[in-house]
Amino acid sequence: MQRFEIRFLRPQFGAGVAAQNRARQQADSFDYRCYIEWRGFWLTPTPNSVAFDESTLVTRAQAGEQEAFATLVREYSRKIYRVAKNITQNDEDAEDVLQETFLKAYEHLPGFQGNSKFYTWIVRIAVNESLMKLRKRKGNRFVSLDEPIETGEEEVKREIAVWEDNPEQRYSHEEMQTILDEAVDGLKPDFRTVFTLRDIEELSTEDTAEALGISVPAVKSRLLRARLALRERLTRQFKRKGEDLLGYL
Amino acid sequence: MVTCKQFLQELNDYLDPNVDAEIKGHLAAHVNQCPNCFVIVDTTLKTLQVYKGMQPQAIPEGVESRLWKAIERKMADRPKS
């Protein structure tokens with residue numbers, strides 16, 4: 001048997017949405033370390049390494065190629081689910097948002113002009129859907145992202161402490177995920193939305209502003225507050241033992 | 001001389017690799033002299049690192065299968081090319 005390793009094996013277009021999805025789930029279940037026999041070769045799929053041509057897929061999906069749209073869904077569904085979960089803080093709402101985002105994207109795809117990236121466009125849909133869910137749950141008491149927020153600080157107590165080395169190694173993946181999620185959960189929706197888009201999804205400042213319909217200075221201001229607030233929370237968790245100095249800035 | 005409060009207001013610029021080093025110069029001068037702000041920069045960077053290092057979790061199986069069913073229903077309404 002000849003052995004040959006390639007970086008990526010993607011199920012072919014035309015294999016059907018369900019078949020492609022099963023193939024991806026199979027690859028996921030083997031954590032990309034499996035080998036697949038194919039025409040006498042052994043292939044190892046590592047999807048993260050493939051060059052992903054978003055604009056070509058969008059064009060093909062706009063032309064009615066369903067598998068192209070399915071590929072976009074596979075590429076972005078985890079990220080959209082994470083955005084929805086981070087903003088809504090609710091499993092049911094996140095699922096609804098995930099579905100609504102891709103159904104609306106499919107419905108409005110013919111009108112998508114390509115003025116922004118496809119991902120930015122669907123993030124904006126997901127954010128809007130998530131905020132609507134939040135408003136419903138909070139009885140419209142939620143502050144709109146368009147409203148000005150207080151950014152002036154007087155004397156703020158800050159926790160100044162050095163972290164222990166490599167906290168990621170001290171906690172299991174699940175424990176770390178819980179710590180990080182709880183810290184984000186504690187942020188105001190305005191702040192955690194901006195933080196999610198800028199620092200987790202790594203949208204640019206401009207794309208974040210566009211996705212949220214707010215100004216670039218507003219994104220910068222909220223991002224700063226979010227980062228500092230998270231730093232405070234994580235410092236309480238990760239500070240080196242004996243490092244309990246409090247600083248007043 | 002930059003104060004701690006002024007430095008914190010400019011912290012994002014200080015952390016942004018795209019901001020010109022010349023602009024960051026006066027901020028760097030403050031960090032080098034202020035242990036508190038040095039620790040804040042260090043722990044803010046670590047905060048960003050731990051978040052960026054977390055891969056998106058898999059979507060729960062039931063959620064994903066319901067998503068695909070909904071999409072397939074939607075696609076069935078529109079003829080395939």
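A: The axes of H3(A) and helix H5 (residues 118-137) of chain A come within 9 Å and cross at roughly 35 degrees. Axes here are lines fitted to C-alpha atoms, for helices over the stretch in contact, with angles from 0 to 180 degrees between N-to-C directions. Helices are DSSP runs (H or I, at least four residues), numbered from the N terminus. This is a predicted model, in which local features need pLDDT of at least 70 and side-chain atom pairs count only at pLDDT 80 or more, while totals for chains, interfaces and linings use all residues. Residues are numbered from 1 along each chain as its sequence is written, and chains are lettered from A and ligands numbered from 1 in the order in which they are written.

H3(A) passes H5(A) in a right-handed crossing (the near helix is turned clockwise from the far one by less than a right angle). Contact means C-beta atoms, placed from the backbone, within 7 Å. Among the residues making this contact are Leu72(A), Tyr76(A) and Ile80(A) of H3(A), and Ile122(A), Val123(A) and Val127(A) of H5(A). By class, the contact has 14 nonpolar, two polar and one charged residues. Nonpolar covers Ala, Val, Leu, Ile, Met, Phe, Trp, Tyr, Cys and Pro; charged covers Asp, Glu, Lys and Arg; the others, Gly among them, are polar.

Now to the other neighbour. The axes of H5(A) and helix H9 (residues 205-212) of chain A come within 8 Å and cross at roughly 45 degrees. The contact of H5(A) with H9(A) has four nonpolar, one polar and three charged residues.

Terms used. Helices (H or I, at least four residues) and strands (E, at least two) are DSSP runs, numbered from the N terminus. Two residues are in contact if their C-beta atoms, placed from the backbone, lie within 7 Å.
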